[in-house]
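Keep the model in view while you read.

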Amino acid sequence: EKHFSILEETLTVCLSQYNYKGEYFPELEQLIVIEDKPEATAVAEIVDNDLSYKVLRYNHYMLKGDLQTKKDILLALGADLEPKREQIKAIDKDLEDGIFYILNNMNLRHNNTAEGDKHYRQAVVNMDSATLENWYDELYQMMLLAYLQMDQVARNAKVKTLKQAVSPK
């Protein structure tokens, strides 16, 4: 049993490096390797190479509780999304508003914990690290959705062109 635990941990670590996980089905006595977060993989394929690693890294189980690394990744994604803000807003105003609200008010872009600062937020000061991490994780999911929705807009344009070319006149 001890050897099995070591093997299981090694397998988990190796698979997680590539955004995969093992799912064991006891009734079949089979281990199936599946993508851990397919949305992260999809976004990693459409962003610049320097961001793709960060997108995949955010999901890694070893980052659990590492607020500073998560914060750094979210700031990099936020910087990439900022020039696309109007495009996101045109697709989904609530999504755009939520992303940039969290970036600006949850101790990411601004120090929301320095009393007397214009960005000070008492609610953020009162948050425990698990709650703050949960909001960071929610923001990450929202950012992934924004990238996927922007990608879909381009795809929709291609489909429209296809329809015009294929449909009878």
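**Lys70 and its surroundings**

This is a predicted model. Leaving out residues up to four places away in sequence, Lys70 touches Tyr58, Leu63, Glu133, Tyr136 and Asp137.

Q: Is Lys70 buried or exposed?
A: Lys70 sits in helix H4, residues 67-81. Its relative accessible area is 4%. Under 20% counts as buried. Lys70 is therefore buried.

Q: How many residues in the contact of H3 with H8 are charged?
A: H3 brings Leu51, Val55 and Tyr58. H8 brings Tyr136, Asp137, Tyr140, Leu144 and Tyr147. Seven of the contact residues are nonpolar and none is polar. The number of charged residues is one.

Q: Which kind of aromatic pair do Tyr58 and Tyr140 form?
A: The structure holds one aromatic pair. The ring centres of Tyr58 and Tyr140 are 4.1 Å apart, with 10° between the planes. Planes under 30 degrees apart count as stacked. The pair is therefore stacked.

Q: How many residues apart in sequence are the parts that this pair ties together?
A: Both Tyr58 and Tyr140 are buried. Tyr58 lies in helix H3, and Tyr140 lies in helix H8. The pair therefore ties together parts whose separation in sequence is 82 residues.

Notes: Residues numbered from 1 in each chain as written. Predicted model: local features only at pLDDT ≥ 70, side-chain atom pairs only at ≥ 80, totals over all residues. Heavy atoms only, no water. Contact = heavy atoms within 4.5 Å. Helix = DSSP H or I, 4+ residues; strand = E, 2+ residues; numbered from the N terminus. Nonpolar A, V, L, I, M, F, W, Y, C, P; charged D, E, K, R; others polar. Phe/Tyr/Trp six-rings, centres within 6.5 Å; stacked < 30°, edge-to-face > 60°. Buried < 20%, exposed > 50% of the residue type's maximum accessible area, 1.4 Å probe, protein only.
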